[in-house]
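Visitor: Could you take me closely through one part of this model, its strand pairings, and then say what lies beyond them?

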Amino acid sequence: MALSHFPSTADPAEISDHLRRFGYAIVDDVADGAAMDRLEAEAMPFIEASDPGRDEYDGRFTRRTGALVARCPTARRLVMDPLVVGTVSHFLGHVSAVQLHLTQIISVEPGETRQKLHRDEMAFDFFPFGADYHVQCNTMWALTDFTAENGATHILAGSSDDEAIGLPDAQAEMRRGSVLFYDGKVLHGAGANSSGGVRRGVNITYAVGWVRQEENQYLACPPEIARTLDDDLLRMMGYTQGAFALGYVGDQIDPLAALRGSTAKAKTIGAVAEFNADAREFVTDIGDSEYRG
Ligand SMILES: O=C(O)CCC(=O)C(=O)O
Ligand SMILES: [Fe+2]
């Protein structure tokens, strides 16, 4: 079975709808060769210094290299790529804030065996999110071509809703610069590498703003570097409230303001309620409650 591909001119809403139905979507040629060359050059010293995995799941012939926002200026552009952010925001449109969850170059080296199929949302301590509640949205950028031989990611299309038995297994073969989107529920895993070259993917994932991030963005990117970054990127990294009341600093200071040395206050539920109908209803319910003090 071949997986569906979209051109990079596709509408993010269309990509997100496909992702919702099948658990994945591949978009071809989102970044050009020059950007991939730059990212590879920026990352290579860190890739070479990364250890192989510690178990079969990590991959004993697989190197994982993180902290890409701090280490690789080009990765910052991938994190904030408009097509990706548009698709992620549409797919996770049910929450107040979306945040960066992890950044990791996954280098699958020759001789690596196939990774066990899994669902990424298991990372949330196996919490049983409902079939219709998506907690994350993942991307895998092809830093090298992804082929069946070199370990292109396996996807069981349509397996997000637990009815995985009998579904065909296909690999996300794609050219360098293309992006595989997949949700937190779809069964997937890295392929075996029977080729002579390394398969490299840039795994950049996003989650709803109210969960803990897989990669700790506040420590992976030290404040000296964070202060040099754009506000939009910082908000995506978590320097904003993940929902009202989540993530303020000290005396209810907004986290981005705190990083910049200001004391501007974070939003309260009252402020959120001004533009959010659900919050408004919640505030009204509290107001009507017999338990009001
Ligand atoms: O490298 C890949 O193709 C997928 C890796 C993966 O799914 C994971 O490590 O969670
Ligand atoms: Fe995974």
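Visitor: Which residue in β7 does I155 stand opposite?

Guide: I155 stands opposite A170 in β7. Before going further, please keep in mind that this is a predicted model, in which local features need pLDDT of at least 70 and side-chain atom pairs count only at pLDDT 80 or more, while totals for chains, interfaces and linings use all residues. Residues are numbered from 1 along each chain as its sequence is written, and chains are lettered from A and ligands numbered from 1 in the order in which they are written.

Strands here are DSSP runs of E with at least two residues, and helices are runs of H or I with at least four, numbered from the N terminus. Strand β6 (residues 154–155) is joined to β7 by two bridges, and the two run antiparallel; strands count as paired if DSSP finds at least two bridges between them. The pair belongs to an open sheet of three strands, ordered β7-β6-β9, with antiparallel pairing. Because β7 (170–171) and β9 (188–189) each have a single partner strand, they stand at the edges, and one side of each is left without a neighbour in the sheet.

The residues around ligand 1 include H188 and G189, along with T153 and D120, where a residue is near the ligand if its C-beta atom, placed from the backbone, lies within 6 Å of it.

Elsewhere, strand β8 (residues 179–183) pairs with others too: β2 (residues 24–27) is antiparallel to β8 over four bridges, with I26 opposite L180, and β5 (residues 136–142) is joined to β8 by five bridges, also antiparallel, with W141 opposite V179. In a regular strand the side chains alternate between the two faces of the sheet. In β8 both faces are covered, with V179, F181 and D183 buried on one side and L180 and Y182 buried on the other. A residue is buried if 20 or more other C-beta atoms, placed from the backbone, lie within 10 Å of its own, exposed if 12 or fewer do, and partly exposed in between.

By that criterion D11 counts as partly exposed, because it has 13 C-beta neighbours inside 10 Å. D11 sits in the loop between β1 (5–6) and α1 (12–22), and its C-alpha atom is separated by 8.7 Å from that of G86, although the two are 75 residues apart along the chain.
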